[in-house]
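Please go through the structure shown here.

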Amino acid sequence: MSLPPGQRAVAGFPRFGTHLHRPPPPVPADPVIVIGGALTESLELPVDDLAKLPRQELRADFHCVAGWSATGLLWEGVAFATFYRTQVEPLLAPGTSVSHVVFEGLDGYRSVVLIEDALAHDVLLADRLDGQPLNSDHGAPVRLVSPGQYGFVSTKHLCRVDFHTTRPPDPDRFSPLAAHFRARVWQEERHRRLPGRVVRPVYRALIAPIRALSARGGSRRTR
Ligand SMILES: Nc1nc2c(c(=O)[nH]1)N[C@H]1C(S)=C(S)[C@@H](COP(=O)(O)O)O[C@H]1N2
Ligand SMILES: [Mo]
């Protein structure tokens, strides 16, 4: 299988991200996902209950915006669309039109996703990777996986999902590395203002230092 433009395969699946040197956040004894935003009421969904929804397997590559791709990963979990239809839609007041979803991790990390991108057939709330429960390096207890978008969309250690009817405030507004709003890998939507191929070398130069920092903070169970 070919890779999206500007991507190179790496061996294995490195721990990576903006948490860098910090160890992964501890998983609470009874983890829940808080579901909030433009709903008639907010809800705390135990991760154990999420796991009982109809399950799906997904074989997919994972593409970081910095330019590495981990290939052939086997994810298991619940399709985001299944979660949305069964848990969220019943809590929407008539006429409420959701446009954006904000995913938040236990480490404070966030990603903002258009609802149509979140509802793509291959977007999962994953709790297993390659036949094992998700380990803490890769997002325990549960993470988003959106293989058609760069890795920064796929928030790990999910603890909160908020539904919005307009675009939420943008923390990246003045950042030189302002992430693309859709981040689709086949369109090479790396950067909000600059063409993907122009920023490739800049991002690629960040891989080695970020990998070193991420590995140092990791839980030593990296596959
Ligand atoms: N909670 C959280 N999720 C996160 C990140 C993070 O720092 N914290 N980093 C993102 C980035 S930039 C990438 S490339 C992937 C890396 O996933 P991995 O560590 O499982 O390889 O996680 C994404 N999700
Ligand atoms: Mo990334």
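The sections below start with the basis of the model and then turn to its parts.

## Basis

This is a predicted model: local features need pLDDT of at least 70, side-chain atom pairs count only at pLDDT 80 or more, and totals for chains, interfaces and linings use all residues. Residues are numbered from 1 along each chain as its sequence is written, chains are lettered from A and ligands numbered from 1 in the order in which they are written, and side-chain values use heavy atoms, with hydrogens and water left out.

## The open sheet

Five strands form an open sheet in the order S3-S2-S11-S6-S7. Its pairing is mixed. Strands are DSSP runs of E with at least two residues, helices are runs of H or I with at least four, and both are numbered from the N terminus. Two strands pair if DSSP finds at least two bridges between them. Strand S3 (43-46) and strand S7 (110-114) are the edges, each pairing on one side only. From one strand to the next, the twist averages 20 degrees.

Strand S2 (residues 32-37) pairs with S3 in the antiparallel sense, over four bridges. The two form a hairpin with five residues between them. Ile33 stands opposite Leu45, and Ile35 opposite Leu43. With S11, S2 pairs in the parallel sense, also over four bridges. There, Val34 has Arg160 as its bridge partner.

Helix H2 (residues 80-88) lies across S2, S3, strand S6 (100-105) and strand S11 (158-164). H2 runs at about 70 degrees to S11. Axes are lines fitted to C-alpha atoms, for helices over the stretch in contact, and angles run from 0 to 180 degrees between N-to-C directions.

The largest nonpolar core has 53 residues. Such a core is a set of buried Ala, Val, Leu, Ile, Met, Phe, Trp, Tyr and Cys residues joined through side-chain atoms within 4.5 Å. Trp75, Phe80, Phe83 and Phe163 touch the most other members. Strand S5 (residues 68-79) gives the largest share, six residues. Beyond its neighbours within four places in sequence, Phe83 has contacts (heavy atoms within 4.5 Å) that include Ile35, Leu45, Leu125 and Phe163.

In helix H5 (residues 207-217), Ile207, Ile210, Ser214 and Gly217 are buried. They lie on the same side of H5 because they cover an arc of only 105 degrees around the axis. The arc is that of the directions from the helix axis to the C-beta atoms. Buried means under 20% relative accessible area, exposed over 50%, and partly exposed in between (1.4 Å probe, protein chains only).

The buried residues of H5 pack against S5 and helix H4 (196-204). On the other side of H5, Ala208, Ala215 and Arg216 are exposed.
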